Amino acid sequence: MSVAKTTQREGRRPRAAALLLALSLLLRPGARLEAAPVWTVAGAGNMATARRSHTATLLPNGKVLVAGGQGAGALATAELYDPLAGTWSAAGNLGTARRNHTATLLPDGKVLVAGGDNGAALASAELYDPAAKTWSYTGALAAARSNHTATLLPDGKVLVAGGDYGGALFSAELYDPATGLWTPAGIMLGARRAHSAVLLQDGRVLVAGGDNAGALAAAELYDPAAGTWAPTGALGWARELYTATLLPDGRVLAAGGDNGGAISAAELYDPAAGTWAPTGALGGARRPHNAALLPDGRVLAAGGDNGGTLSSSELYDPVAGVWSATPGLGAARLDYAAVLLPGGKVLAVGGADGAALSSAELFVPSAGAWAATGGLATARQLHSATLLPGGKVLVAGGWSAGPFASSELYDPAAGTWAGTGALGTARQAHSATLLADGKVLVAGGWNGSALTSAELYDPAA
């Protein structure tokens with residue numbers, strides 16, 4: 001189970017300036033004083049190159065590959081983190097500096113990096129071999145593209161669709177790891193970027209909505225067996241910035257989004273019939289909201305924006321095909337983190353409503369309602385939230401009046417937050433990777449400029 005968040009345009013950052021200190025965690029009444037910090041800068045070392053908005057790929061051997069991104073410009077460097085040694089090492093340079101690319105872990109353990117931009121959209125693609133620690137060019141895309149989707153298919157091939165090249169693209173291509181070549185994957189029926197791509201249970205890929213000088217309603221279906229695109233029922237409402245949730249029965253729920261303004265319409269895609277059908281409107285229009293698929297198959301939509309930050313939440317029942325209002329969030333929130341906990345509850349933490357929030361709430365499916373839970377010591381938005389193997393949730397960094405270093409740990413059993421050591425460097429736009437041993441690697445990010453530093457969080461310390 002996972003929590004899906006709507007696609008957001010890059011560059012949306014809160015205004016501000018000053019750093020908040022992690023000391024505020026210790027000064028909060030009732031906060032637990034750690035005997036020692038469990039973030040270790042030495043344990044994670046420093047990357048050789050400052051970067052933000054980079055890709056971080058967890059490899060089968062437990063190491064983490066960080067590649068490309070943005071420094072003073074697009075970057076070609078790549079680095080490898082070894083959690084056993086706690087060190088970074090050069091992972092060879094990409095042949096081409098790039099950002100806004102896709103990185104796909106292939107079944108054989110190699111990593112495919114495709115497209116992106118470097119002043120202009122790129123057609124090149126490269127393959128990282130963890131055994132040799134080398135990059136090599138692989139067949140080039142027929143069309144340069146950035147901001148595209150890349151979907152790993154059940155047969156191990158990779159479908160790249162749409163994207164941007166000074167305008168939205170309608171082409172699609174298929175990468176075959178066995179030959180190292182791209183082949184045309186048919187022509188999409190419409191140019192699109194910032195669209196959704198959902199791998200259906202039968203192996204087909206549903207591409208829907210998005211943008212091409214305006215929100216789109218068109219949807220299409222890629223069949224890997226036939227290698228063709230076929231029209232499928234169009235969305236009843238053109239939309240972007242919506243949530244698309246694959247339901248346990250194989251249908252896809254599209255809800256909310258934007259079409260010149262927030263919309264409330266929701267619809268359901270039936271792969272067997274190839275049609276979208278209205279399934280009851282949300283009680284309120286919303287965009288950049290969160291959608292959580294609950295263990296019982298229902299979908300929770302909460303928060304977002306509709307000319308103002310929203311506190312409302314709604315629950316979709318796929319059996320009845322209706323939305324029902326739930327008691328609202330205790331606070332209107334946007335840019336918050338939503339985490340599905342092991343017991344089926346949903347934790348909503350932080351976010352903003354004009355200013356950063358410190359409150360947190362739990363949605364309890366059995367009661368169909370939100371309940372207050374312990375608040376953060378430090379208000380934050382655009383932070384990272386990582387579910388740890390033991391069921392606790394680690395929140396790190398983010399923004400309030402600027403990027404900051406504090407981190408906090410949520411204990412679902414007690415419903416409380418505790419300070420858990422400060423990051424050595426305040427940061428946002430960093431990567432946070434859960435390692436095989438349960439540790440969390442935070443790398444790079446931004447703090448007035450791109451960062452080289454990386455840190456390791458040890459929940460056992």
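Q: Which residues are linked with Asp164 in a network of salt bridges?
A: Arg193 and Asp211 are linked with Asp164 in that network. A salt bridge here is a side-chain nitrogen of Lys or Arg within 4 Å of a carboxyl oxygen of Asp or Glu. Bear in mind that this is a predicted model, where local features need pLDDT of at least 70 and side-chain atom pairs count only at pLDDT 80 or more, while totals for chains, interfaces and linings use all residues. Residues are numbered from 1 along each chain as its sequence is written, and side-chain values use heavy atoms, with hydrogens and water left out.

Q: OK, and where do aspartate 164 and arginine 193 sit in the chain?
A: Their side chains meet in a salt bridge of 3.1 Å, N to O. Aspartate 164 is in the loop between β13 (158–161) and β14, and arginine 193 is in the loop between β15 (181–192) and β16 (196–199), 29 residues apart. Those strand labels come from DSSP runs numbered from the N terminus (E, at least two residues; helices are H or I, at least four).

Q: What does arginine 192 meet in a salt bridge?
A: Arginine 192 meets glutamate 220, at 2.8 Å from N to O. Glutamate 220 lies in strand β18 (residues 219–223) and arginine 192 in strand β15, so the pair ties together parts that are 28 residues apart in sequence.

Q: Are those two buried or exposed?
A: Glutamate 220 is buried at a relative accessible area of 1%, and arginine 192 is buried at 0%. Buried means under 20% relative accessible area, exposed over 50%, and partly exposed in between (1.4 Å probe, protein chains only).

Q: How many salt bridges does the structure hold?
A: The structure holds 15. One of them joins the side chains of arginine 145 and glutamate 173, 2.8 Å from N to O. Arginine 145 is in the loop between β11 (134–138) and β12 (149–152), while glutamate 173 is in strand β14 (residues 169–176). Arginine 145 is buried at 0%, and glutamate 173 also counts as buried, at 4% relative accessibility.

Q: Switching topic: what is the strand order in the open sheet of 4 strands?
A: The order is β28-β29-β30-β31, with antiparallel pairing. β28 (337–340) and β31 (369–373) each have a single partner strand, so one side of each is left without a neighbour in the sheet. Two strands pair if DSSP finds at least two bridges between them.

Q: How many bridges does β30 have with β31?
A: Strand β30 (residues 360–364) pairs with β31 over 5 bridges. Alanine 360 stands opposite threonine 373 in β31.

Q: And which strands form a hairpin?
A: β34 and β35 do, with 4 residues between them, and glycine 415 in the turn has a positive phi of about 70°. Strand β34 (residues 407–411) and strand β35 (residues 416–419) run antiparallel and are joined by 4 bridges. Aspartate 411 has threonine 416 as its bridge partner.
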